[in-house]
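I opened this entry to look up charged side chains.

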Amino acid sequence: MTEVLDLHGQDSDEGSEEVVLTPAELIERLEQAWMNEKFAPELLESKSEIVECVVEQLEHMEENLRRAKKGDLKVSIHRMEMERIRYVLSSYLRCRLMKIEKFFPHILEKEKTRPAGEPSSLSPEEFVFAKDSQTRPRFIRVSESERTTGKHTSRTRS
């Protein structure tokens, strides 16, 4: 099965370009986006088209596994591959959300000043999350001893 990926803002006159990808190519693109996001110091452009296609692909794989014979070795191997893909997908999204939560003032300001033709670094859902981060209280982690005594203890190395 192949997935159709709609890439926006390429060199196309229509404003979008459709690319047909095999599932292996789709997963490769997800892994590349995950590694780039993980090691980039700032939030990169959203790859929501890839995320949507991977979610659809996982749903399709799940349907196929429901129809497969129980106890088949291939089924357990495919389930492990699905779990690996889910891990990469959730890690990619978690990484983006942590950056958004940590740097939301900068990210929202960057979105306000972004030129009209330039693609957004946030998906619509991430934009809502960033806006909500403004009003959500921020918590500071405190150790158990600091919580019970109410004092900050200085930690020095011996």
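Below are my notes on a surface patch and on salt bridges.

I worked on a predicted model, where local features need pLDDT of at least 70, side-chain atom pairs count only at pLDDT 80 or more, and totals for chains, interfaces and linings use all residues. Residues are numbered from 1 along each chain as its sequence is written, and side-chain values use heavy atoms, with hydrogens and water left out.

Entry 1, patch. I found a negative surface patch formed by E52, E56, E59, E63 and E125. Patch residues have over 30% relative accessible area and no salt bridge, and like charges are joined within 9 Å. Helix α2 (residues 48-67) gives the largest share, four residues; helices are DSSP runs (H or I, at least four residues). I noted E59, in helix α2, as partly exposed because its relative accessibility is 47%; the class runs between buried (under 20%) and exposed (over 50%), with a 1.4 Å probe and protein chains only.

I searched the whole structure and got ten salt bridges, each a side-chain nitrogen of Lys or Arg within 4 Å of a carboxyl oxygen of Asp or Glu.

I found E62 bridged to R79 at 3.4 Å, N to O. This pair links helix α2 to helix α3 (residues 73-102) across 17 residues. E62 also meets R86, at 3.3 Å, and these two are 24 residues apart, again in helices α2 and α3.

R86 is partly exposed at 32%, and E83 is partly exposed at 48%.

I logged E37, R96, K99 and E126 as linked by salt bridges in a network.

Definitions and conventions. Patch = residues over 30% accessible without salt bridge, like charges linked within 9 Å, V, L, I, M, F, W, Y side chains within 5 Å. Areas by Shrake-Rupley, 256 points an atom, 1.4 Å probe, with all protein chains shown as cover. Lys, Arg positive; Asp, Glu negative; His and termini not counted. Charge placed at Lys NZ, Arg CZ, Asp CG, Glu CD.
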